[in-house]
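Open the model in your viewer and follow the stops below. Each stop says what to select and what is there.

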Amino acid sequence: MDEEPERAKRWEGGYERTWEVLKEDESGSLKATVEEILFQSKRKRVIESHGQVRLGMMRHLYVVIDCSRSMEDQDLKPNRLTSTLKLMEAFVEEYFDQNPISQVGIIMTKNKRAEKLTDLAGNPKKHITALQKAVDSVCVGEPSLYNSLSLAVQTLKHMPGHTSREILIILSSLTTCDPANIYELIKTLKSLKVRVSVIGLSAEVRVCTVLTRETGGSYHVILDESHFKELLMLHVKPPPSSSASECSLIRMGFPQHTIASLSDQDAKPSFTPSVSCGPGLSLGGYFCPQCHAKYTELPVECKVCGLTLVSAPHLARSFHHLFPLDAFTEIPEEEHHGDRFCQACQGELKDKSVFMCPSCHSVFCVECDLFIHDSLHCCPCCIHNQSGP
Amino acid sequence: MKLNIEGLLVYFPYDYIYPEQYSYMLELKRTLDAKGHGVLEMPSGTGKTISLLSLIVAYQRAFPLEVTKLIYCSRTVPEIEKVVEELRKLMEFYSKETGETNNFLALALSSRKNLCIHPEILHANIVVYSYHYLLDPKIADLVSKELAKKSVVVFDEAHNIDNVCIDSMSVNITRRTLDRCQNNVDTLQNTIQKIKETDAAKLREEYRRLVDGLKEASVARETDIYLSNPVLPDEILQEAVPGTIRTAEHFVGFLRRFLEYLKSRLRVQHVVQESTPQFLKDIFDKVCIDRKPLRFCAERLQSLLRTLEIADIADFSAVTLISNFATLVSTYSQGFTIIIEPFEDRTPTIANPVLHFSCMDPSIAIKPVFQRFQSVVITSGTLSPLDIYPRILDFRPVTMASFTMTLARTCLCPLIVGRGNDQVALSSKFETREDFAVIRNYGNLLLEMSAVVPDGIVAFFTSYVYMENIVASWYEQGILENIQRNKLIFIETQDAAETSMALEKYQEACENGRGAILLSVARGKVSEGIDFVHHFGRAVIMFGVPYVYTQSRILKARLEYLRDQFQIRENDFLTFDAMRHAAQCVGRAIRGKTDYGLMIFADKRYARADKRGKLPRWIQEHITDGSLNLTVDETVQLSKHFLRQMAQPFRQEDQLGLSLLTLEQLQSEEMLKKITQIAHQT
């Protein structure tokens, strides 16, 4: 059926009819407008990030992956399941990169049941291995929204009030098989302040609209694979926390990495109670400042005393979400009469517009603007000025 | 907002307006200015009701002498309630804006329990009620007789108005009717006996009055106080009631004779069809009943019932029906036919004789309305092709316009499926109706759609029989079982209680995410009265072209009449009728600009220009050449694409300036130019 010539060809999906907006420039070249479109789509993501709001830094997210019959559909290549799992791997990486002190768990639903693929944990490796294994699973029957949500909620409701409780559902099927009235469950979710977001792979389903609206989540339906990726990445950023959520001071441990010197007579390889890489013997590690349990990786919650162990860079990385860098102002190239070179990469400013930091008035090119906002999270020129005399 | 419509100040109770509403009001104003009739088609969900009300109320206030009353006729009680709700909003807006207390009186007649008989209601500025109050001669006489000539009459959802007219004039007589009538006559006889013993003067007084004739009614008609009653023809008013039925006993005897005659006519073994003159001749030959007393029958009975002071008229419905029949049959020599069937077509073994006295000319019932009121507006979401309504209703409109829906996004997606995946032509036409391949492909279409359309799908079949056959066949092939994995299935039946139960469960399944399919029948209850907003109808599938059952004798007679009297060919009328029902069915899915839905026409005949051209313009303009003869697979691909597009966030800001306007936007030159293109004059 894919060979039928028709309007919506799959391979055209990525550039939805972009030729309709194309215009030739004076020399008859199309290049400029194509770049314009790409440029606009890049720019959009930066602008959309919200300003000063309270964010849930410690996130507990359950991702529910639909593994019902409809996941075998081949409108995403090679099929919906494989494509989803691939994107999920990237998502998990990105998620822990941006939210180092948060946790993720994965639930799969098929055949009217819901099962945990991985428990809530803060280590990306375990999830990624599980996701890679799941590629071979068979897609059968209908999904069950109710069962998935209640399974997730069983764990989430025990999470402390200052953390954000989130569920992200990737739903391919248009039907759900529920054992009880889902609207009751939605009420419970709402009272527990669990935020449910849905990414639909086929079309808008009413019950998801209600579910996300009631719990304060977002609901999106994908257009194609690249859109899917974009939507999934939206969930990497921590959501604004509701004003009602508790604030509390939490104890955290900042262990130093110590390697027992071999010359030390007392040094013995010691046992690590870590879950991620399995119990093993090693010389070095992080020692919990409270109970001296040893861990090879951070961040982790101490198995012995329950203290959250992180390193300072972890916190710092989460920190930038709280103080996002202001979007740079876009100035058309003609109106700009200053430097002809980007302050960051020192390249010549060739694009139609340049970007100016609102506080230090330095100008940047598009690429650097994106890099600064996506990765650096601070303006290099501002930092430079501060450190100077 | 306050609008200026060609110099008329119109208060519009919303902050935003659709361009087509503005255009609609322009056309409406021109109709009122010309004091003529209008036919206006505008898609449902674009705010027809409020546009109508705002403009006409504004007109009434500006020219109180030109237009005194608005008579708004709608079809069902929920629709009437909707009108009243909008009217209330409008009135609140008026009192807020002008600061003066509201001196407008509006009246809604819905059911007897809400009825008010305070004399002040006669002076109401706006009357909202059902069609029947104006069209059905039995009720119109009671309710609408005294409405002023300078009224504006609006028929909303009027795409079926010709059938309403015909039904209101037709009479069906069964054995049961005659039995009840017999009882009525006996009761009359007894009452007359009783009164004769106690109050003979009363009967004498009545007799004297009848000698004077129906002068009163005649005077009233000449002085133009009343809406004329089509059951009471002009000629009768000039004459006195004939001597044969002037006394009460004679009249009862006359009724008995007439009744016996009808009974004898029902004792037939074969189908009889005859014209009214033939019937009159036969009745004269058999029981010596002349044409003249028959014509006075209805009026004479009314007079008798009044004289006898019978309170509960409802008990005498049978005898009233028979006397109305007598008057009609002797008054109209054209436009009616009499068909006597000894049994129903479906059950040829069970004797159930019915005498159909069938009206074939809808203009008879509506004629008084057009003649009396200065402006009559016929409006609906589906009135295409516009020119046929003036022809069958026999009037000359001053404006005929069809409005399109301005859309910020294409929220409707009409697709014509002509072939299955195996290239078998899909059609419900008689020759291929039983064809296994067609049925299988139809099943396949529904199955595939059930997997890609979220929440609710409504499927329409051409008739109950056809639906039963297909569903049985799907069951045998296991298609139903496969569909049920995706969605639950509900079926409309002829039983009203069962159907409303099915509807309720259908909506529940759409609501909680299970998804459901409703199998129903074009022309059934679901296709006419029930809206499937948003998730309740994401797709409508029309299996086949819903032609009316052409073997019916009544229909054949009507087609013949249309051909002879109005020069409308049988085929043209049948196609028109089928397409208006198809449009009604698919239109159920789109009830507003934020709504979206697929419209799937599963029959290759829809691709033909004569069928497609009869769809409303707002649907037609979205049918591209590429979507004329699709296979099932192509349909599924297009649907998937459409549904994903529609699921993208859609906010009010996206509509602003395109399909939703603020006052400033409306006043811009460019927009006014665009608006003139919305109305499509015919």
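Start where chain B meets chain A. In this predicted model, ten residue pairs are in polar contact between the two chains, both partners at pLDDT 80 or more. Now color the side of chain B that touches chain A by element. Those that give two or more residues are α17 (436-452), α19 (479-486), α20 (496-511) and α26 (632-646) of chain B. Zoom in on α26(B): with ten residues, α26(B) gives the most to this side. By class, the side of chain B that touches chain A holds ten nonpolar, nine polar and nine charged residues.

Next, show every residue in contact across this boundary. Chain B brings 28 residues, and they touch 30 residues of chain A. The size of an interface is often given as the accessible area lost when the parts come together. Here about 2,600 Å² is buried between chain B and chain A. Carbon and sulfur atoms give 47% of that area.

How many salt bridges cross the interface of chain B and chain A? The rule finds four. For one of them, select Lys640(B) and Asp75(A). Their closest N and O atoms are 3.4 Å apart. Side chains of opposite charge can pair when their charged atoms come close.

Stay in chain B and select the strands β14 to β19. They form an open sheet of six strands with parallel pairing, in the order β14-β19-β18-β15-β17-β16. Find the edges: β14 (412-417) and β16 (488-491) of chain B each pair on one side only. Look along the sheet for its twist, which averages 15° from one strand to the next.

Then pick helix α23 (570-587) of chain B, which lies across β15, β18 and β19 of chain B. It runs at about 155° to β18(B).

β14(B) pairs with β19 (597-602) of chain B in the parallel sense over six bridges. Click Val417(B): the residue opposite, in β19(B), is Ala602(B).

Strands β1 (2-5) and β2 (8-11) of chain B run antiparallel, joined by four bridges. Select Leu3(B) and its bridge partner in β2(B), Val10(B). The hairpin of β1(B) and β2(B) has two residues between the strands. Select Glu6(B) in this hairpin: its phi is positive, near 45°.

Move to chain A. Over all chains the structure holds 44 salt bridges. One to display joins the side chains of Arg59(A) and Glu166(A), at 2.8 Å from N to O. Arg59(A) lies in strand β1 (59-66) of chain A and Glu166(A) in strand β4 (164-171) of chain A, so the pair ties together parts that are 107 residues apart in sequence.

The last stop is an open sheet of three strands in chain A, with the order β7-β14-β13 and mixed pairing. β7 (252-253) and β13 (300-301) of chain A each have a single partner strand, so one side of each is left without a neighbour in the sheet. Two bridges join β7(A) to β14 (308-309) of chain A, and these strands run parallel. Finish on Met252(A), which stands opposite Thr308(A) in β14(A).

How values were computed
Residues numbered from 1 in each chain as written. Chains lettered and ligands numbered in written order. Predicted model: local features only at pLDDT ≥ 70, side-chain atom pairs only at ≥ 80, totals over all residues. Heavy atoms only, no water. Pairing = 2+ DSSP bridges. Axes fitted to C-alpha atoms, helices over the stretch in contact; angles between N-to-C directions. Contact = heavy atoms within 4.5 Å. Buried area = accessible area lost by both parts, 1.4 Å probe. Polar contact = N/O pair within 3.5 Å; in protein donor to acceptor, adjacent residues only side chain to side chain. Nonpolar A, V, L, I, M, F, W, Y, C, P; charged D, E, K, R; others polar.
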